[in-house]
Amino acid sequence: MLLMGNESIVRGALEAGIRIAASYPGTPASEIGNTFAEVAKEMGIHFEWSTNEKVAFEVVYGASMCNQRGMVSMKHVGLNVALDIMEMAALRGVKGGLVFVSADDPSQHSSGQEQDQRWLAKQNCVPALEPSDPQDAKDFTVYAFELSEKYQLPVMLRTVTRVSHMRSNVKLGKLRRLERKAEFDFERFSYVVAGFDELFYGREKEANEKIAKIKVEFDTSPLNKLVMTGKERVGVIATGQTYNYVMDALVKMGAKDKVAVIKLGTSNPLPERLISKLLKGVDKVLITEEPDPFVELHVKALAKDVNPKVELYGRMNGKLPGEGELMPLMVDSVIAEMLGEKLPPNPRAEVEKEAKDMIFGRMLTVCAGCPHRSSIYALKRAVKAVKGDIHKVIINGDIGCYGLAWAPPMSYEDTYFCMGASLGVSQGMSQVGVDTIAWIGDGTFFHAAIPALMNAVQTKTNIKVVVADNSVTAMTGFQPNPQSGKTATGEPTVSVPIETIARAVGVEHVEVTDAYDIKATEAAFKRMLQTEGVAMVISRRVCATEAIRRMRPKRSVPYEVNESKCVGCKLCLLTFGCPGLSFDEEKKKAIIDPTICMGCGVCAQVCNVGCIHGMDE
Amino acid sequence: MKITRVVIAGVGGQGTLLATRLIAETAIKHGLNVRIGETYGMAQRGGPVMGHIQIGEAYSPQIRPGEADALLGFELAEATRRGVTYLKQGGLAIVNSKKIPPVEVISGISKYPEEGELIKLLKSVSSKIVVFDATSLAGKAGDTIATNMVMLGALATSDVLPFGEKEIIAMMKESIPARFLELNTKAFKLGTEAFRESK
């Protein structure tokens, strides 16, 4: 069956008989939760999109202490948010198998950083498994639950974007239900019953002992495979998906019999005896992994004891780059060099350069019809009107589609960092006398901004907050959040409006406006800017792409340009820049591509001469 | 062992993934190993999308520069961008002439290159280039959203894949919901005709 890596992980969890799963959306992990959301009811398990990753982890840990298996999934930086509870679960131990997925994003395909979360596994005495493809992803997941229960530790399943998003044929196992009774294990987890001192102190020693035992188990685990005849002079330790590049390179070069290979599926702890065998048997060893030299550093330490003469190749000796994803050509050329061969340089380097000079880069922008575009447009006008200059205020953005506010032609966002940071950094700037606006989305507001908002109220900090509320977590695929009024599996539930929270925590000036109404939104922003203290505008309109999804198979009515009225001023293109707009250079008129237009009609409000109208008008 | 390699280039929202999946599902049905890799980080937001497919005994989906047997270009500039890197000398390029200008063109920061210039550059790696307006053909079939099936139809008619039109149409019947099937098969057929006419 053709499965994506992320779908295979869900399949593996279901074959392991999980009872509960929780996640917060984030690329490249999102499809794990999306898939759970689709199948949870049918499989009789609980799945939720939690408010953030820490909550998700805690929910699953709670069930684990009651002897139920569960999975938490998140993108790499989500684990930073969940780190507090992850560390405690590692120290206090688990009961029902607890597997958490950290989907790392080397080379930052869709992230602000490429943090390698295997260091957190090492730091917290947590085993880390690295699948190389969708089949591994399923099989490793099933094994991870066994391992978790055997050693009573949470287990990290660590993928990278190219495993999470790879699709290939997967052989399925049987779906399982465990039918275990849910009972809190007092002997293991209750301070009162187990004894406070026993549970609280000295847990690091126990965790270290568990990892030492797992290390021995990994030496003979099928997750690690050594292929060596003893005649090779060169070896490779290929971690996770880089194994695929190594094998493709060896097949291509016809060098399979010249190179001994360890397919490494367990990066923490390392199977030291297995690796020692390779280190002792060859002269040169290449370590391939992404993105940090995590395995390489530990192999280097090991080599000092078992074969100090072995020459190590990888990211630390400069033969591979110190950061980022590996590319097949990089792996080809290092292996060739180790075998004493030389490959021709990239045959396409020259023509690629020509193409790069000729073709634009295709910058990201918010979609056609996106309500954020009109919110930013209105915000610029309001700041200009109240402050005289749009750059008199620092715009601190946040994580989500609206984070693209920096992109031309809107070009109106100075910073963004991590979930919820817009509110915190804005307060620091404001305290030292610099004017700010925190520019945050609805999903991010719930995830991490509420404590920061209360902080601003308590400290009487003069900050302005714009919530770009498009009613879904759009960037990761339209997942619901606490305001949506529905659960992950589509059940109706209580909606938690942002304005209710804001007023409840003491924000006195809170207004809600329709993002598609530029005049009204601009007026609301002006009133916010003229208010002392904490003031908030929620600029609300459902994500255009989501709106179209909801009306399918019907489509909205596109807008068009009345050529006789258009004066060719390009105002709509240069200040608004919706992807549905372009310019006919011969006629000198703006045009709207009806296949792209979402029918929001905001460009008609931007036009000075009234030349844009709906096709039905 | 023979490996078939195809690169798909386009822009977010063009349905490249459905075309890729149909190829892969057909391959699996015929007992072939297949690997797909897609890069689409924030594709919904107008970004470029690229898919790699390797059919046969490959470990990774990732195709090395200059090794793709075919390029399926859903958008003119994206086709050239990826084609010059991945298409092998003499490989087949099927290119939709549709232009989707990015925000830097819309807002006047850069220009969309002339079609002639783009094709000329692509020709420097292969002269086997078929260009036609797949988006208009999809419109004729009923909805421009079916551009992906027009492109797939054209690829299926070439002899690049280890299976042909019939096998892919059979798979479409299995995996596309009934209410969308007519539009998609119609678009697919227009793609096969466009490819034949180009010869």
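Guide: Two residues are in contact if their C-beta atoms, placed from the backbone, lie within 7 Å. The model is predicted: local features need pLDDT of at least 70, side-chain atom pairs count only at pLDDT 80 or more, and totals for chains, interfaces and linings use all residues. Residues are numbered from 1 along each chain as its sequence is written, while chains are lettered from A and ligands numbered from 1 in the order in which they are written.

Visitor: How many residues of chain B are in contact with chain A?

Guide: On chain B there are 47 such residues, which meet 46 residues of chain A. By class, the chain B side has 21 nonpolar, 17 polar and 9 charged residues. Here Ala, Val, Leu, Ile, Met, Phe, Trp, Tyr, Cys and Pro count as nonpolar, Asp, Glu, Lys and Arg as charged, and the others, Gly among them, as polar.

Visitor: Which element gives the largest share of the side of chain B that touches chain A?

Guide: Helices (H or I, at least four residues) and strands (E, at least two) are DSSP runs, numbered from the N terminus. The largest share, 6 residues, comes from β2(B).

Visitor: With which strand of chain A does β2(B) pair?

Guide: Two strands pair if DSSP finds at least two bridges between them. Strand β8 (residues 167-169) of chain A pairs with β2(B) in the antiparallel sense over 2 bridges. Within this pairing, Arg167(A) stands opposite Ile36(B).

Visitor: Is helix α6 of chain A largely enclosed or open?

Guide: A residue is buried if 20 or more other C-beta atoms lie within 10 Å of its own, exposed if 12 or fewer, and partly exposed in between; C-beta atoms are placed from the backbone. In α6(A), 13 of the 18 residues are buried, so the helix is largely enclosed by the rest of the structure. Just after α6(A), Gln152(A) takes a positive phi of about 55°.

Visitor: What is the general rule for phi and for peptide bonds?

Guide: Most residues other than glycine have a negative phi, and most peptide bonds are trans. In this model, phi of Gln108(A) is near 50°, and that of Arg362(A) is near 60°. Gln108(A) is partly exposed, with 15 other C-beta atoms within 10 Å, whereas Arg362(A) counts as buried, with 21 C-beta neighbours inside 10 Å.

Visitor: Where are cis peptide bonds found?

Guide: One runs from Glu290(A) to Pro291(A), with omega near -15°. Another joins Pro408(A) and Pro409(A), with omega about 0°. Pro291(A) lies in the loop between β13 (284-288) and α14 (294-306) of chain A.
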